[in-house]
Amino acid sequence: MSETIKEESLITNDETILLEAKALSHEFDYKLFENINLILEKKQSIAIIGVSGSGKSTLLNILSSLLAPKDGEILFDKQSIYKISKKNLLNIRREDFGIIFQAHYLFRGFSANDNLEIATLLSGNNIDKELLVKLNIEYVINQGVGELSGGQQQRLSIARVLTKKPKIIFADEPTGNLDKDTAQTVMDTLHEYIKKNDSGMILVTHENELAMQCDKVYKLENLHLKELK
Ligand SMILES: Nc1ncnc2c1ncn2[C@@H]1O[C@H](COP(=O)(O)OP(=O)(O)OP(=O)(O)O)[C@@H](O)[C@H]1O
Ligand SMILES: [Mg+2]
């Protein structure tokens, strides 16, 4: 009897965990962090703050499948993502992970709409018109990417990532170019998305106020993640 209960709780646990980082360590010229452990659950948002150069982007790159850590592992969907084949890792990155970079990679020379179409082709989802209205970019959708302002491009790249319907959003200062109100709208859109889709988000930001709106907040400091919330 007690064994059954034990098993059940294990299963529930497994189903709520989206991503698990175990004993991560990394360094370039100097040691950035060591023995970092982190769990992301469904519907949960985690913010990571810390001074410039502390290694936030490096940590996010490792968590989001872009950079193998020097030590430790990342578990997603019962797989250790740097131990599986390149092809499987690419599939996870393409289908399950939504990565929002500070420098956004839109296809220049194409319209805003073309850039969204590409995401729908990859994922089989439709462009969510409501999302475009929420992000206040529906009226620039037929313009070329080169004609959009920096903030409009940033919101377009966020719309493109959400169109993919990712299970996890990794965002590196996604509101860096935006005024306060627009930044709040973007954050509200991201929070709403993860709650509605059973997804999770790991956000790197310099803005404490936006960080504190996340379920958990960590500061990368002295090689470790310090829990602030
Ligand atoms: N590919 C790389 N090769 C060598 N060194 C790197 C590489 N990427 C990052 N670094 C170094 O690692 C350190 C941490 O960089 P990282 O970009 O992770 O910091 P950050 O906390 O995101 O800073 P910021 O807040 O300025 O974005 C820096 O000293 C940086 O020069
Ligand atoms: Mg950075």
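**A walk around helix H7 and beyond**

The buried residues of H7 are covered by several elements, among them strand S3 (45–49), H6, strand S7 (168–172), strand S8 (200–204) and helix H8 (208–212). Covering is judged by contact here, with two residues in contact if their C-beta atoms, placed from the backbone, lie within 7 Å. Helices (H or I, at least four residues) and strands (E, at least two) are DSSP runs, numbered from the N terminus. A residue is buried if 20 or more other C-beta atoms lie within 10 Å of its own, exposed if 12 or fewer, and partly exposed in between, with C-beta atoms placed from the backbone.

What you have on screen is a predicted model, where local features need pLDDT of at least 70, side-chain atom pairs count only at pLDDT 80 or more, and totals for chains, interfaces and linings use all residues. Residues are numbered from 1 along each chain as its sequence is written, while chains are lettered from A and ligands numbered from 1 in the order in which they are written.

Back to H7 itself. This helix (residues 180–197) has 18 residues and reaches 26 Å from its first C-alpha to its last, close to the 26 Å expected at 1.5 Å a residue; the expected span is 1.5 Å times one less than the number of residues. Its buried residues are Ala183, Val186, Met187, Leu190, Tyr193 and Ile194. Viewed down the axis of H7, they fall within an arc of 120°, so they line one face of the helix. The arc is that of the directions from the helix axis to the C-beta atoms. An α-helix has 3.6 residues a turn, so residues three or four places apart point the same way. On the face turned away from the buried side of H7 sit the exposed residues Asp181, Asp188, Glu192 and Lys196. Just after the helix, Asp198 takes a positive phi of about 60°.

Now try H4 (residues 112–123). Its twelve residues should span 16 Å at 1.5 Å a residue, and its end C-alpha atoms are 17 Å apart, which agrees. Ala112, Asn115 and Leu116 are buried in H4. Seen down the axis, the buried residues of H4 fall within an arc of 95°, so they too line one face of their helix. They pack against helix H6 (150–163).

Most residues other than glycine have a negative phi. Lys78, in the loop between strand S4 (71–76) and strand S5 (79–80), is not a glycine, yet has a positive phi of about 65°. Lys78 is exposed, with 7 other C-beta atoms within 10 Å. Leu223, in the loop between strand S9 (216–221) and strand S10 (224–227), also isn't a glycine and has a positive phi of about 75°. With 16 C-beta neighbours inside 10 Å, Leu223 counts as partly exposed.

Then there's ligand 1. Around it are Phe28, Leu32, Gly50, Ser52, Gly53, Ser54, Gly55, Lys56, Ser57 and Thr58, where a residue is near the ligand if its C-beta atom, placed from the backbone, lies within 6 Å of it. Helix H2 (residues 56–63) gives the largest share of this shell, three residues.

Zooming out, the protein has eight helices and ten strands, and buried residues make up 37% of its 229 residues.
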